Amino acid sequence: MNALARYGLSRTMVVLVMALAVFMPIGLVLWQSTLNAPFFMPNHAYGLDAFRFIFDDSDFWSALKNTVFIAVSMLVIAVPLGGALAFLLARTDLPCRRPIELMVMVPVFVSPFVLGFGYVVATGPVGFYTLWVQNLIGTVPWNVYSLPSIALIAGLTHVPHVYLYASSALKNLGSDVEEAARVTGASPFEVARRVSLPMVAPSLLYSGVLVFFLGFEIFGLPLILGDPEGHLVLASYLYKLTNKLGIPSYHLMAAVAVCIIGVTFPLVLLQRYLLRSANRYIAVKGKVTRQKRLPLGQWRLPALALVLFWLLVTVIVPLSGITFRAFVSFWGEGVSFAEAFSLHAFVEIWNQPNLLRAVLNSVLIGVIGGGVAVMAYTAIGLASHRKQDGLTRIVDYMVLIPRAVPGLLAGLAFLWVFLFVPGLKEIRSTLISVWLAYMVVWLAYGMRLISSALLQVAPELEESARTLGASAARVSKDVTLPLIRFGLLSSWVLMFMIFEREYSTGVYLLSPGTEVIGSMLVSLWAAGAVDIVAALSLINVALVAIGLAIALKFGVNLHE
Amino acid sequence: MNKQRRVMLAVLAALPFAQAFAAVPAGYPASYQAVIDAANKEGKLVVYSTTDTALMQPLLKDFQKMYPAIKLEYNDVNSTELYNRYISETAAGGASADVLWSSAMDLQAKLVNDGYAMKYATPEVKNLPDWAHWRDEVFGTTYEPISIVYNKRLVPAGEVPKTHAELVTLLTKNTAKYKGKVTTYDIEKSGTGFLFVTQDAKVNPAFWNLAKAFGAVDVKLQSSTGGMMERISSGENLIGYNILGSYAITRAKTDPNIGFVMPTDYSLVISRLMFVSKTAKAPNAAKVWVDYVLSRRGQSILAMSADLYSVRKDIAGQASGDYLGRVLGAALKPVAVGPGLLTYLDQAKRLDFIKQWKQALGR
């Protein structure tokens, strides 16, 4: 009652609902990790057996070692490349900047599962490109299933994450210092290394922590590429535990999840701290009077070649692999395209009700689910908008919590919530269950979109409405919301793409009626229906491409 | 008027069928009519199964034709998922499957052993071999030999192993050629693969030699049949061990790269097990379904359309396990349905076996 009086009914309600959605699944995971059997079985007891088991399991330690190796490699690869890419695109006269800027975003919005699969069919031991190179030079200089390859691919596909933060910081810099360096005879490379990039060091640091953190949650790529040689990471180890003992080992899975959260949550807090200090740092940038692009001179073409090579490796190779595989019924050494060409996979999708439903559901969850998610995020955003009190601080931290939980496990936790919380059982077999899980998993991302839209509204506009006697609700409805209309629309498009991309959260929620392309892919891959996986992946990429096209048409800023 | 006439016609057309099909099948006791009536009244049946919907389509359609009043909801999920979903849904007290039908024989046996199955003496049980049913609760529905699959383009006919011993010889003699080119289940990720290998170890005294030969050629472990098949077809791998024969037969029909053999020294045979849930919402519809799947009619459709050999003793022609028995004779070793399946669900025993297997592979 006290809280109600202090914070108002609607704000309190919004925050309470949010707290339920965040803490129920997390609480279940924590509780489950302290039991020695699934919590719903009659014979469970408390104990630390689960942790004892995984700490005794050599697989756990090798998974941990691989995860650290991959996360560190990602950091080492993505930060310099992402910084360089941002410098080239934001500060220099590199040719073809517009189309490249667009292509750069592809790895962010295409599911890592789809990319990983693309690498297998394109560059696996008998992949399309592998066979081609083998014919050309007689040998294949790579092994896509090795741990360094996985780390390299993970690093290259996370370059855009660094690029995003570095480029938005670089765009805010004045070009006077760079010009000064150039005039005194520094090469473009030196300008980047000694002037521009150091000036955006906080953003680079922040994105470095982000990439390292994403490395700890990485699942799709190692699931596919690590399988043939048995390279595990923490998330795929967790997935493997589904089967290792023959019967479900939820307690072990929960214990692994707790270990992952133990690493990721401090990283999330560190990110939050860095982001704040980064903003402060940028704030002292001085006056940005004019920006001039730095001429690259003789480096223009080599720089372009480098960027195009990166695009080739990270975008074109896997996506062309998928496209090709979707149209052949079998493939391998000595098989010609004409002989193997078939539309069988697409016909199959059309004919199998569950596959067709997966495609339709994916569109639904992206368009409608994405839209409703934006509304929910907006409600939360408004609840803490322009109010610096305890409730806002609680919301701030609560937003971060789901961020630390791997999507795979969040999905499992939501399954438990839907099964065992009275009244939610009916929702379980509907798409709403998947949507709720997606919404909580992407809470932090969505809230960032909304709050950056809200921050663009100048406070005096709302204040003047208040002075004229409008209620808080009225101000939100008639002033704030109309002003951020465009921001909300673009958030919708971005949420659409993110929801299309998501694959791990739906895995345990998959049941007739809740199929989405992402989780179907994981399930079909496990069953080995490779041609269907290829065709569905292609459809998935097409949906994302439609999202991108719409975003472009409306001039949505993808760099949120 | 026109519309009325059409409705009339439809009713007239449906009448004789409804009567003919909802009648007691030949050889069943007259009291069976009560079961059918109750099933029709229940009106809905939920089946969880590990067999692809696409493969089952003809069977499902035929069942619907026979019992149009029972709405059939067929959910295909993988075997672990089936187990997990069923026990958690049952624990939550909500709606779950009426019938569970899975190729993971050990998990099915565990559910039966843990008391999840309803007792049901199906009139069809006399047509099943003794190994294929247990305690009047769980029934084998198919007869599926395990095979060795190979790439026809890249493995010359002379090298194709016909027995387990020949496979060992091939791998030890041609270690260089087959290095990294042999694939089998990762038994830590696949319950089915685990079941096959433990049965191997039981039947074949020389099994651990085979495991060592696998280790010497750096065998590639996969979590699914489809994954192995794909890689054999593409030539990334050449030989696949312990692959379900039914999948090999189906794939070989459309994929010219795939060849398969049932080993002639011994071939394991597994069966998809089916039981009715004790907490079934539609126990009578479930009974009708079980009887239908085990009937001559159901078994023939399974064999014809899904390449799943019939488990019945009385089906002639190439589709029956009986026929296979005449070809392979005593080499066929069906995995018996019973408590023997539970051995390795004991955590310590399972981990020990995995350890031994990994050691033999040199992992």
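This report describes the domains, the chain interface and the nonpolar cores of a predicted model.

## Basis of the model

Residues are numbered from 1 along each chain as its sequence is written, and chains are lettered from A in the order in which they are written. Because the model is predicted, local features need pLDDT of at least 70 and side-chain atom pairs count only at pLDDT 80 or more, whereas totals for chains, interfaces and linings use all residues; side-chain values use heavy atoms, with hydrogens and water left out.

## Two domains in chain A

The domain assignment of chain A gives domain 1 (1-23 + 343-560) and domain 2 (69-232 + 263-340); such bounds come from an automatic or database domain assignment. The C-alpha centres of these two domains of chain A lie 26 Å apart. Their contact (heavy atoms within 4.5 Å) takes 37 residues from domain 1 of chain A and 38 residues from domain 2 of chain A.

Domain 1 of chain A and domain 2 of chain A bury about 3400 Å² between them, and carbon and sulfur atoms account for 73% of it. Buried area is the accessible area (1.4 Å probe) that two parts lose on being put together, summed over both. Across this interface the rule finds 1 salt bridge, a term for a side-chain nitrogen of Lys or Arg within 4 Å of a carboxyl oxygen of Asp or Glu. Asp396(A) forms a salt bridge with Arg272(A), with the closest N and O atoms 3.8 Å apart. On the side of domain 1 of chain A that touches domain 2 of chain A, the largest share, 12 residues, comes from α30(A). Helices (H or I, at least four residues) and strands (E, at least two) are DSSP runs, numbered from the N terminus.

## The interface of chains A and B

The contact between the chains takes 48 residues from chain B and 45 residues from chain A. The area buried between chain B and chain A is about 3800 Å², of which carbon and sulfur atoms give 51%. Glu188(B), Lys189(B) and Glu230(B) supply 15% of the area that chain B buries against chain A, more than any other three residues.

Between chain B and chain A the count is 6 salt bridges. Asp59(A) forms a salt bridge with Lys358(B), where the closest N and O atoms are 3.7 Å apart. On the side of chain B that touches chain A, α4(B) gives the most, with 10 residues.

## Nonpolar cores

A nonpolar core is a set of buried Ala, Val, Leu, Ile, Met, Phe, Trp, Tyr and Cys residues joined through side-chain atoms within 4.5 Å. Buried means under 20% relative accessible area, exposed over 50%, and partly exposed in between (1.4 Å probe, protein chains only). The largest nonpolar core has 280 residues, of which Ile54(A), Phe109(A), Leu536(A), Phe214(B) and Trp357(B) touch the most other members. Helix α4 (residues 58-91) of chain A gives the most to this core, with 14 residues. A second, separate core of 50 residues includes Tyr32(B), Trp289(B), Ile301(B) and Ala331(B).

## Leu85 of chain A

Leu85(A) lies in helix α4 of chain A and is buried, with a relative accessible area of 6%. Leaving aside its neighbours within four places in sequence, Leu85(A) is in contact with Val104(A), Val159(A), Tyr163(A), Val307(A) and Trp310(A). Leu85(A) and Leu234(A) are 149 residues apart in sequence and 30 Å apart in space, C-alpha to C-alpha.
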